[in-house]
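This report considers how buried residues are arranged in a two-chain model. The sequence and structure are shown first.

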Amino acid sequence: MTSTTSAKRIDDNNKNDRTNRAGIRGWLNPIIYGWERVSYWFQRLTGIFLLVYFIGHVYETSSLVSGPDAWAAMLEMTQTVGGHLFLILVIGASTFHTINGIRLIFTQAGQGLGKPGRPDYPYDPTSVNNKQRSGLWIAFILAAVAMLYGANVLFSGE
Amino acid sequence: MTSSDSKNNINKNRQTTRWFSNITILRESQITKIHYITGVSALFVVAIHILMRLIMPFNMSLEFENVILNYKNIFYALLLESILVLIAIHGFNGLRVILLEIRQTLIWEKAVNILVIVAMIGIIAYGTRTIIIANGFSVG
């Protein structure tokens, strides 16, 4: 048996053995992959959520062209506790998506990644550093602050 | 691999490249730049859009007469149109990126591209219709 055939057989065996496959739970688990993975899927989840909201918002505002009654009926649906909570989620998602998106633009431009160095034990990548993590935490904190401000405006009506 | 095999592969790659180049309008790097530019631009125009709701009590700002008055202002109507276009491009391109991360086959890529372009044009057309009708072609 040649080494190529043997390697192919091992590869085939690995393909069939999926007992250690973590699946979607592994994808969502921040303990295994760290906060950078949380940032990755939060950016995507908030993006999809905001796109759905955007489509809904365009549809909602189109009731304007049907006159004051249609507009009032549409507003009535959103001026509820559930509607306000949904809007607060939109505010949080848009703030996080914006701040984290700006962080990602800087990261893609090579800013805040650290200098490449010799791979020494414990092999921590220089790109996963406090600058990156603090950017992520700022995104979470500002999202929480924006949600609190939004809640104050929506529930007080001011 | 024999030399004829490698020649076939090279020819195949050339054909693929030529075929792709025939339909490629924008490179992926250019699309990424557009994604960033639309995202940052949307930040500013959406900020103005939200501020317009906060310069008076929130409930009052959503009254029909007040909203129609906003739409009749040509500058605000243009702002709304720019928000519509920027977010539609940014949002649907983001969705395209997510969908292309899930699967990478030629037919999937083509289907996703067509789907997001059609959806993008659809939402821009629908939103523009609202802006035009609510504005009433007024420039006051």
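Which residues of helix 4 of chain B are buried? In this predicted model, they are B:Phe64, B:Asn66, B:Val67, B:Ile68, B:Asn70 and B:Tyr71. These residues pack against helix 4 and helix 5 of chain A, and against helix 2, helix 3 (58-61), helix 5 and helix 6 of chain B.

**Nonpolar core**

The largest nonpolar core comprises 33 residues. Among those with the most contacts inside it are A:Phe54, A:Leu64 and B:Tyr71. Two or more residues each come from the elements tabulated below.

| Chain | Elements giving two or more residues to the core |
|---|---|
| A | helix 4 (35-61), helix 5 (68-78), helix 7 (130-156) |
| B | helix 2 (28-54), helix 4 (64-72), helix 5 (74-102), helix 6 (106-135) |

Helix 5 of chain B gives the most, with nine residues. Leaving aside residues up to four places away in sequence, A:Leu64 touches A:Trp71 of its own chain and B:Phe64, B:Val67, B:Ile68, B:Tyr71 and B:Ala134 of chain B.

**A buried glutamate**

A:Glu60 lies in helix 4 of chain A. A:Glu60 is buried yet has no salt bridge, and the nearest side chain of opposite charge, B:Arg53, is 10 Å away. The side chain of A:Glu60 does make a polar contact with that of A:His57, at 3.2 Å. Not counting residues up to four places away in sequence, A:Glu60 touches A:Trp71, A:Met74 and A:Thr78.

**A partly exposed isoleucine**

A:Ile138 belongs to helix 7 of chain A. Its relative accessible area is 44%, so A:Ile138 counts as partly exposed. A:Ile138 and A:Glu36 are separated by 102 residues in sequence and by 14 Å in space, C-alpha to C-alpha.

Technical notes
Residues numbered from 1 in each chain as written. Chains lettered and ligands numbered in written order. Predicted model: local features only at pLDDT ≥ 70, side-chain atom pairs only at ≥ 80, totals over all residues. Heavy atoms only, no water. Core = buried A, V, L, I, M, F, W, Y, C linked by side-chain atoms within 4.5 Å. Buried < 20%, exposed > 50% of the residue type's maximum accessible area, 1.4 Å probe, protein only. Helix = DSSP H or I, 4+ residues; strand = E, 2+ residues; numbered from the N terminus. Contact = heavy atoms within 4.5 Å. Lys, Arg positive; Asp, Glu negative; His and termini not counted. Salt bridge = Lys/Arg side-chain N within 4 Å of Asp/Glu carboxyl O. Polar contact = N/O pair within 3.5 Å; in protein donor to acceptor, adjacent residues only side chain to side chain.
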